Amino acid sequence: MPVPVPVGVLRLPRGPDGCSRGFSPTSPRFQALLGGREEEVGAAQEARAALRQRYLRGLAAARGRPTHFSLRAGVRVDAVFGAADVEAVAFQVDALRTPLGVEAAALLRCTDVLAFSFLLD
Amino acid sequence: MAMRQTPLTCSGAPMLRQGDTGDWIGTFLGHKGAVWGATLNTDATKAATAAADFTAKVWDAVSGDELITLAHKHIVKSVDFTQDSNYLLTGGQDKLLRIYDLSKPEAEPDVVSGHTSGIKKALWSSDDKQILSADDKTVRLWDRSTMTEVKALNVAMSVSSMEYVPEGQILVITYGKTIAFHSAETLEQIKSFEAPATINSASLHPAKECLVAGGEDFKLYKYDYNTGEELESYKGHFGPIHCVRFSPDGELYASGSEDGTLRLWQTTVGKTYGLWKCVVPEEENAEAAKARTTLPGTAEEEIGNALNCQFQLS
């Protein structure tokens, strides 16, 4: 019987990438089998991207401007908009005018903020 | 384009992998217990899983989404689609076979009773007109339209695996150290082989030339189906082997083991297929020689405790 010859392997099988559950919509298999739905997926994704961009530009435009916040339970305050964190958990504001006085710097919980407005020049 | 095959593996969470390369496609997330059984439908667009959380689930195998959850009264061990993917057969510790109409998942399933111990495996046979089911000591054949038992076979020891081969109507059963082949229509034994160790799973090559089996001694055995001669045995796994299965084209077989790996083995060693690249000696240079693996004909990947594997052409 001939001695078995070691066989070359191009690479090892790819494993799970740890963070996602896979089934990538960009994979050839997904495209081939569910590619028909691509048009509506594309349009929805574009709309989402446009809205996200508008939101981020809005936050950037608010920076440094006097802003009026409508909070829960009918509370309304004025402050100078500072920054928002990545997940929009909190807004950092300067010169927050409260019934107790003016706070030089403060954090407003986004879950408490119903709306905020500022004037564009 | 070459055939694409996708095996399904069970570990903590069931994973879908490309059959010819073993590349991970996705993980089905949702079960809250050990997954005992998994299967793909004919075109690998749907998957079904059976779990210790008393549910069987049907999944979209392209997007990974959970489609249907079917509540049971005990651990579910086995799931099988009909060829048209319209019905799902389930069996488990509550000793009942259930047939679900997947177009009406809310409706009560048809229930077949008769087993006196927990069902380990349930399969459609004879063009989905019959059902084969195995518990600890018996293998039973049922007629689907009348929902009654046609034949029963008593098995000497606890059945460890059962597979149905449509071409030739062959039933492959393993128990103890025995690999047995029965007629799927009459349950009469065709032939049987004895292995050196307790066997947990066996698979017949599509051309019925050879079969592979694996079990408690960590080794894989290859037998000539016609003569029963042991052709080869393969070492590689570090734990008991629980499942072996040939791919539909017979070019490779997969083995799943308690050691946490799923291994793909070439049927014809040296052939270029999947990730195996046949290197002709004259083409070798220093770089190529460094890249070669020393294990003959295996490619492995750590994925978790592999209990079950199945191939499906897509």
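This is a predicted model: local features need pLDDT of at least 70, side-chain atom pairs count only at pLDDT 80 or more; totals for chains, interfaces and linings use all residues.
**View 1. Chain A as a whole.**
Chain A contains two helices and six strands. Read from the N terminus, its elements follow the order β-α-α-β-β-β-β-β. Of its 121 residues, 22% are buried. Among contacts in chain A between residues at least 6 apart in sequence, those joining residues at least 24 apart make up 33%. The accessible surface of chain A is about 8,800 Å², and carbon and sulfur atoms account for 61% of that surface.

**View 2. Chain B as a whole.**
Chain B has one helix and 29 strands. It is 314 residues in length, and 57% of these residues are buried. Among contacts in chain B between residues at least 6 apart in sequence, 42% link residues at least 24 apart. Its accessible surface amounts to about 12,800 Å², with 51% belonging to carbon and sulfur atoms.

Residues 112–152 of chain B are 54% strand and 0% helix, with 14 Å between the end C-alpha atoms.

**View 3. The sheet β12-β13-β14-β15 of chain B.**
This open sheet has four strands in the order β12-β13-β14-β15, paired antiparallel. Its edges are β12 (121–125) and β15 (148–154), each of which pairs on one side only. Neighbouring strands are turned against each other by 20° on average, direction ignored. Strands β12(B) and β13(B) run antiparallel and are joined by five bridges. Across this pair, B:L123 stands opposite B:L132, a residue of β13(B).

**View 4. The largest nonpolar core, in chain B.**
In soluble globular proteins, nonpolar side chains tend to be buried together. The largest nonpolar core here has 16 residues, and those touching the most other members are B:L132, B:V139, B:V159, B:M162, B:L171, B:I173 and B:L187. Two or more residues of this core come from each of β13 (130–134), β14 (138–143), β16 (159–165) and β17 (170–175) of chain B. A second, separate core has 15 residues, including B:V172, B:F193, B:L204 and B:L211.

**View 5. The surroundings of B:L132.**
B:L132 is one of the residues that touch the most other members of the largest nonpolar core. Its contacts beyond four places in sequence include B:M162, B:L171 and B:L187, which are also listed among the core residues with the most such neighbours. B:L132 is also in contact with B:K121, B:A122, B:L123 and B:S125. Further contacts of B:L132 include B:R140, B:L141, B:Y164 and B:A184.

**View 6. The sheet β20-β21-β22-β23 of chain B.**
Four strands of chain B make up an open sheet in the order β20-β21-β22-β23, and their pairing is antiparallel. The edge strands, β20 (199–204) and β23 (230–234), each pair on one side only. From one strand to the next, the twist averages 20°. Strand β20(B) runs antiparallel to β21 (residues 210–215) of chain B, and five bridges join them. B:L204 stands opposite B:L211, which lies in β21(B). Both B:L204 and B:L211 belong to the second core, which has 15 residues.

Technical notes:
Residues are numbered from 1 along each chain as its sequence is written. Chains are lettered from A and ligands numbered from 1 in the order in which they are written. Side-chain values use heavy atoms; hydrogens and water are left out. A nonpolar core is a set of buried Ala, Val, Leu, Ile, Met, Phe, Trp, Tyr and Cys residues joined through side-chain atoms within 4.5 Å. Buried means under 20% relative accessible area, exposed over 50%, partly exposed in between (1.4 Å probe, protein chains only). Contact means heavy atoms within 4.5 Å. Accessible areas come from the Shrake-Rupley method with a 1.4 Å probe; for residues, only the protein chains shown count as cover. Two strands pair if DSSP finds at least two bridges between them. Axes are lines fitted to C-alpha atoms, for helices over the stretch in contact, and angles run from 0 to 180 degrees between N-to-C directions.
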